[in-house]
Amino acid sequence: RRVLFRSILIFEFIGVGIIIFSGLHGFWLYLKRSPETKLTLAKGLAMGLEFKLGSGILRTVIVRDWKE
């Protein structure tokens with residue numbers, strides 16, 4: 001059970017880190033007027049949200065009964 005909670009936290013932190021990095025990278029590309037800004041930002045945000053979704057799926061594994 002502890003491993004599952006740690007895995008959830010790791011996935012959450014990785015997702016948040018990717019989203020923050022992608023936002024900063026996208027802003028940098030925007031300042032440079034790069035034509036690939038939107039695509040790069042969208043790919044990074046999608047990857048970060050996939051990690052967040054993975055942590056949400058793991059969280060549902062530990063539900064004990066229907067009330068939770």
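Ser22 touches Leu41, Gly44 and Leu45, leaving aside residues up to four places away in sequence. Ser22 belongs to helix α1, and Gly44 is one of the buried residues of helix α2. The model is a predicted one. The buried residues of α1 pack against α2, which covers residues 37-61, and the buried residues of α2 pack against α1.

- Helix α1 runs over residues 2-31, which makes 30 residues.
- From its first C-alpha to its last, α1 reaches 44 Å, close to the 44 Å expected at 1.5 Å a residue.
- Helix α2 has 25 residues and should span 36 Å at 1.5 Å a residue; its end C-alpha atoms are 37 Å apart, so the two values agree.
- The buried residues of α1 are Ile8, Glu12, Gly15, Ile18, Ser22, Gly26 and Leu29.
- An α-helix has 3.6 residues a turn, so residues three or four places apart point the same way.
- In α2, the residues Thr37, Gly44, Gly48 and Ser55 are buried.

**Ser22**

- Is Ser22 buried or exposed? Its relative accessibility is 8%, and buried means under 20%, so Ser22 counts as buried.
- A polar atom of the Ser22 side chain lies 2.8 Å from the backbone oxygen of Ile18.
- Ile18 is also among the buried residues of α1.

**Salt bridges**

- How many salt bridges does a search of the whole structure find? The search finds two.
- In one of them, the side chains of Lys52 and Glu12 meet at 2.5 Å, N to O. This pair links distant parts of the chain, with Lys52 in helix α2 and Glu12 in helix α1, 40 residues apart.
- The side chains of Glu12 and Arg59 also meet in a salt bridge, at 3.6 Å, N to O. Here too distant parts of the chain are linked: Glu12 is in helix α1 and Arg59 in helix α2, 47 residues apart.
- Lys52, at 29% relative accessibility, counts as partly exposed.
- Arg59 counts as partly exposed, at 41% relative accessibility.

**Aromatic pair**

- One aromatic pair turns up in a search of the whole structure. The ring centres of Phe11 and Phe51 are 5.8 Å apart and the ring planes stand at 35 degrees, so the pair is tilted.
- The pair links distant parts of the chain, since Phe11 is in helix α1 and Phe51 in helix α2, 40 residues apart.
- Phe11 is partly exposed, with a relative accessible area of 31%.
- Phe51 counts as partly exposed at 25% relative accessibility.

**The end of α1**

- Which residue with a positive phi follows α1? That residue is Arg33, and its phi is near 60 degrees.
- Arg33 lies over the face of Tyr30, at 5.3 Å from the ring centre.

Notes
Residues are numbered from 1 along each chain as its sequence is written. This is a predicted model: local features need pLDDT of at least 70, side-chain atom pairs count only at pLDDT 80 or more; totals for chains, interfaces and linings use all residues. Side-chain values use heavy atoms; hydrogens and water are left out. Helices (H or I, at least four residues) and strands (E, at least two) are DSSP runs, numbered from the N terminus. The expected span of a helix is 1.5 Å times one less than its number of residues. Buried means under 20% relative accessible area, exposed over 50%, partly exposed in between (1.4 Å probe, protein chains only). Contact means heavy atoms within 4.5 Å. A polar contact is a pair of N or O atoms within 3.5 Å; within protein, one must be able to donate a hydrogen and the other to accept it, and residues adjacent in sequence count only if both atoms are side-chain atoms. Rings of Phe, Tyr and Trp (its six-membered ring) pair if their centres lie within 6.5 Å; planes under 30 degrees apart count as stacked, over 60 as edge-to-face and the rest as tilted. A charge sits over a ring if NZ of Lys or CZ of Arg is within 6 Å of the ring centre and within 35 degrees of the ring normal. A salt bridge is a side-chain nitrogen of Lys or Arg within 4 Å of a carboxyl oxygen of Asp or Glu.
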